[in-house]
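Here is a short briefing on selected features of one structure. Please keep the sequence and the 3D view at hand.

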Amino acid sequence: MKLSKKIRLIGLSAALVLLIAIGIGGGIWFFSRDTEEAPGPELSGVERAGLIQEGEIYQEELIWERPAQGIPNVNRYKEEAYLFGGDKEEIRLENLLTGETEAEIPTEWVADGDCVAAALNEQKDISILIKNANQQTEIKIYPNDSAKEGQTFFINDMEAYLQKMSLDKQYIYLNASFGSSVVLRVYDWEGKLCRQIERVAAFALASEGSFYVVDESYKLSLYDMSQTEPVFQQDINLYIPNGCWTVAFEPQQNLVYVGTQDKIQIFDGKTGDFIKTALDMQKSAPGIGNRYQDMWVDPQQNIYCAAPDHWGGRQQVKIQLFRYHIVEDFRKDMPYTLTVTSPYPTTYMASLIQKFEQNNPDQRVHYDCAYLSEREFLDHADQDGYFERFSAQILAGDVGDIVMTGGEWIDVYQYFANTDLFEDMSSWLKEIDCYQELDPVLLKAITIDEAVKGLPLATTYYYALVDEDLCRQLNIDLDWQSATWSDVLGLLDQLEGTDYYLFEVYGNTERAFVRMLISNMPDLIDRKDQSYDLRQQWFLDLIQQWKAAEEHPNFAKRNSSQLQTGKGLISIDGIAKAHMEVDGVSSVWMTQQETGHKISICPLFCGEKASNRTALGEEMYSIYTGSENREKAWELLRLGMTEEMQSSNQLNHCGPINQKAREKRIDTAIFWNIEKNSLVERFYQQFQPIYENVDTLYDMSKIKENLYKTLWGYVQKGSKVSLEEVLAKAEQQLMVQLYE
């Protein structure tokens, strides 16, 4: 691919790698799509001494990790910072760098409650936030001066979510969920509410009675409690397009650091003007990614980020502290030794490249991406002619050593079957240490002509939700594990005359129709023989059954999803890329709470002649046969299959191919949903048949798109087009596509 100018990355996904201290080098981001970069902002005034310069990078270092307790809020006084830590028996505020105890919180202060957060001011006064035995939110303030009396007050409308608590000589600051929104409240020590600012994403104290706020409309403001209006307010949307995660103030140079999911940006503390980007999380922070919850910046402009390590397993939930210090980029003049070609960058591949370079100081990897982000790729690839260009580049050998071959955009079969474009990795796989940890179902599902030419490092699974209580009420007894689409459509007879619906769908039923086609296409189209038969009687019956269903009043409850109305029998909108998130099954749990109905998870329905269940290889990569560096290319991909890398949250919440990593993530998710533990455990048990029943990791991509659009013209509600007309058109399209 042709190299073009370096362009700022936006909109990447969450990132997490465990227990690493990485020296960052190459991996410079170049993009081959010819797009104009938005004009960069002017620097605010004179360049500040000590800030990162051209030819320098931030190097990541894991300082420490320890068992988690409460919320990892960093609080600053003078030039030091501290963190809330400890366990139920020993709660303390620790020096951020040394780990030494700054202040202990006696257990009698907490009594039989739960200490959620603590804060310490410059005078070493302490405030603690407790959820007491009656589930009330209780604030206690203990002055360091024994001559002063402590204070206690209650907050009645605070919800469970607390983002941060801070304390100064006069006020206590709470950024939390009050009622239906997240706000910043400022109380005096006696519990009087002195100020409330709506929709606050993050805040940081500046000095006594003054503080910086970034709100959800992407404005940076400085407030002073002695003034009714902000000291300044700047729109910083251009610099934080993906929102704000945390804010830190560095007083010596009067700088405000704003952390987002992909960058940490620096602003002038007096005016709010943008100065520069301090840290690119994708390049320089693979260990923490964007899971950091709070940060602190010292006078030398070292950045410290505290983060919960959610993915260590049920017994291993920790808080980690990473430091980022400025070093010379020793790889900046090194030639590239390995190239990864991809349509768009992913957080996981970025972190994998950084880890690989750490292990191989003599290697520099070029991550060659055609688009800035997956979103831009999806918006522009068709009109740009990307797919035709990609095919031509593969045939011409104009690709890197490693090529991304996963995602909905690519016809995997076309590139893997009856070609020698990519290496068969099946024999290499059996020789790696973690081979027994890899999911054999996924490896079998990507095997074509007895060869494995693509490695699905992460997979998205599809599933359905079923309202079991509604099934019992309507006397519906269907084996959901083996049900076909025609079986499901046949349930409409039992819904006749009721106010219930077969499907709850977001929008219309088009997506359900696509899923039905995917389940049956392998029995309609033979890719190996390049043949097709759309006029099989079972398929004609199924198409006409669907058309009749579209006209049925009980077919679909539209503009709804996840069975939240209590009126829908089935939702097919389940995509198991989010269920691995710590709170990923909460939407199903909330549906049960709201409707009082028991909800179950099951695989999507089978085809009429075979199961034909598919999943999507999101992070799938292949090694180009023309690569002159195959050994190192394989070393990089092999690293991506290890439990350490796969346990991370940088897989865009997709299912890891490493089963140990998957089990660890599920175990942790159950732990973090402890109040609904048994229910969450049941949901994860129901995911097992979904993992175990995957026939292929590809679904005919472009052929599917054209076929469904044509057939949808017949089945959609109100259509007057004849079946013969759409079949003839579909057959003509298939003839062209199969012989392209």
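**Briefing: a tyrosine, a sheet and a helix**

Y173 lies in strand β12 (residues 171–178). Helices (H or I, at least four residues) and strands (E, at least two) are DSSP runs, numbered from the N terminus. The model is predicted: local features need pLDDT of at least 70, side-chain atom pairs count only at pLDDT 80 or more, and totals for chains, interfaces and linings use all residues. Residues are numbered from 1 along each chain as its sequence is written, and side-chain values use heavy atoms, leaving out hydrogens and water.

**Around Y173**
- Y173 is buried, at a relative accessible area of 0%. Buried means under 20% relative accessible area, exposed over 50%, partly exposed in between (1.4 Å probe, protein chains only).
- The Y173 side chain makes a polar contact with the D168 side chain, at 2.6 Å. A polar contact is a pair of N or O atoms within 3.5 Å; within protein, one must be able to donate a hydrogen and the other to accept it, and residues adjacent in sequence count only if both atoms are side-chain atoms.
- G209 is 36 residues from Y173 along the chain, and their C-alpha atoms are separated by 10.0 Å.

**The four-stranded sheet**
- Four strands form an open sheet in the order β7-β8-β9-β10, with antiparallel pairing. Strands pair if DSSP finds at least two bridges between them.
- The edges are β7 (114–120) and β10 (151–155); each has a single partner strand, so one side of each lacks a neighbour in the sheet.
- β7 and β8 (residues 126–131) run antiparallel, joined by six bridges.
- C115 has I130 in β8 as its bridge partner.

**Helix α3**
- Eleven of the 13 residues of α3 are buried, so the helix is largely enclosed by the rest of the structure.
- Among the buried residues are Y348, L352 and F356.
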